[in-house]
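Let's take a walk through this protein, starting with a single spot and then stepping back to the whole chain. Keep the viewer open as you read.

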Amino acid sequence: NGDMLVTEKSGRVRIVRNGAVDPKPIAVLPGLYTQSTGGLQDIALHPRFSDNRFVYLSYSKDMGGGRHTPALMRGRLEGMSLVDLKEIFVADTPGKGPAAQCPIIFGRDGYLYMAVGGANDEIAQRGDSHQGKMLRLRDDGSPAPDNPFAGKPGFKPDIYSIGHRNMIGLTIHPTTGAIW
């Protein structure tokens with residue numbers, strides 16, 4: 001309807017109507033690591049949002065002791081609230097350095113693409129870590145069944161592409177549908 005949902009690093013999700021930010025957040029997410037580059041990051045609507053009202057949020061999950069890792073949550077927008085919030089994916093990359101960015105987007109194929117950065121060395125080339133990877137997930141957070149590394153020894157099944165450092169945004173080419 002022209003409204004916009006926006007995230008704030010601190011964990012608040014807000015709605016913008018007619019160019020004005022509603023002062024009351026529609027959700028405040030707990031358990032976030034908000035130091036440095038961490039916090040609530042990206043937001044995406046399910047391709048069938050008008051039917052199911054699903055909203056997806058990527059964030060830096062606090063793992064305790066200064067450790068954090070990228071994670072993904074799904075909720076349902078009901079009126080001015082996000083309800084039934086559920087964590088559906090947690091990357092296996094807990095660390096203490098700067099938080100990796102984790103942009104998300106739904107591709108034209110209906111799968112959710114999630115970039116996991118934080119690769120400062122050869123870990124981006126290894127299949128046993130989520131760091132430096134593009135993941136392709138079903139809408140419930142499970143791996144897409146036909147990912148290129150699914151079933152390959154030494155590779156996580158949710159990996160779609162490897163060798164990235166720290167992706168900070170994703171978009172879809174308007175003509176080809178390729179994810180940039």
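## An exposed glycine

A residue counts as exposed when its relative accessible area is over 50%, and as buried when that value is under 20%. Keep in mind that what you're looking at is a predicted model.

Now find Gly79, which sits in the loop between strand S7 (67-78) and strand S8 (81-90). Its relative accessible area is 57%, so Gly79 is exposed.

## The overall build

Zoom out and you'll see that the protein chain has one helix and 12 strands. Read from the N terminus, the order is β-β-β-β-β-α-β-β-β-β-β-β-β. The radius of gyration is 16 Å, close to the 16 Å that the globule rule gives for 180 residues, so the chain is as compact as a globular protein of that length. Along its principal axes, the C-alpha trace spans about 50 × 40 × 25 Å.

What about the inside? Buried residues make up 45% of the 180 residues in the chain. If you take the contacts with a separation of 6 or more, 51% of them are between residues 24 or more positions apart.

## Aromatic pairs

How many aromatic pairs does the structure hold? There are four. In one of them, the ring centres of Tyr56 and Phe106 are 5.1 Å apart and the planes are at 75°, so this pair is edge-to-face. Tyr56 belongs to strand S6 (residues 54-64) and Phe106 to strand S9 (residues 104-106), so the pair ties together parts that are 50 residues apart in sequence. Tyr56 is buried at 0% relative accessible area, and Phe106 also counts as buried, at 9%. Ring pairs link Phe54 with Tyr56 and Phe106 into a cluster.

Next, have a look at Tyr113 and Tyr160: their ring centres are 5.4 Å apart with planes at 85°, so this pair is edge-to-face too. Tyr113 is in strand S10 (residues 112-116) and Tyr160 in strand S12 (residues 159-162), so parts 47 residues apart in sequence are tied together. Tyr113 is buried, with a relative accessible area of 5%, whereas Tyr160 is partly exposed at 32%.

## Surface and charge

The chain exposes about 8900 Å², and carbon and sulfur atoms supply 51% of that area. As for charge, there are 21 positive and 18 negative side chains, and the centres of the two sets lie 2 Å apart.

Definitions and conventions. Residues are numbered from 1 along each chain as its sequence is written. This is a predicted model: local features need pLDDT of at least 70, side-chain atom pairs count only at pLDDT 80 or more; totals for chains, interfaces and linings use all residues. Side-chain values use heavy atoms; hydrogens and water are left out. Helices (H or I, at least four residues) and strands (E, at least two) are DSSP runs, numbered from the N terminus. The radius of gyration is taken over C-alpha atoms; the globule rule is 2.2 Å times the number of residues to the power 0.38. Buried means under 20% relative accessible area, exposed over 50%, partly exposed in between (1.4 Å probe, protein chains only). Contact means heavy atoms within 4.5 Å. Accessible areas come from the Shrake-Rupley method with a 1.4 Å probe; for residues, only the protein chains shown count as cover. Lys and Arg count as positive and Asp and Glu as negative; His and the chain ends are not counted. The place of a charge is taken as NZ of Lys, CZ of Arg, CG of Asp or CD of Glu. Rings of Phe, Tyr and Trp (its six-membered ring) pair if their centres lie within 6.5 Å; planes under 30 degrees apart count as stacked, over 60 as edge-to-face and the rest as tilted.
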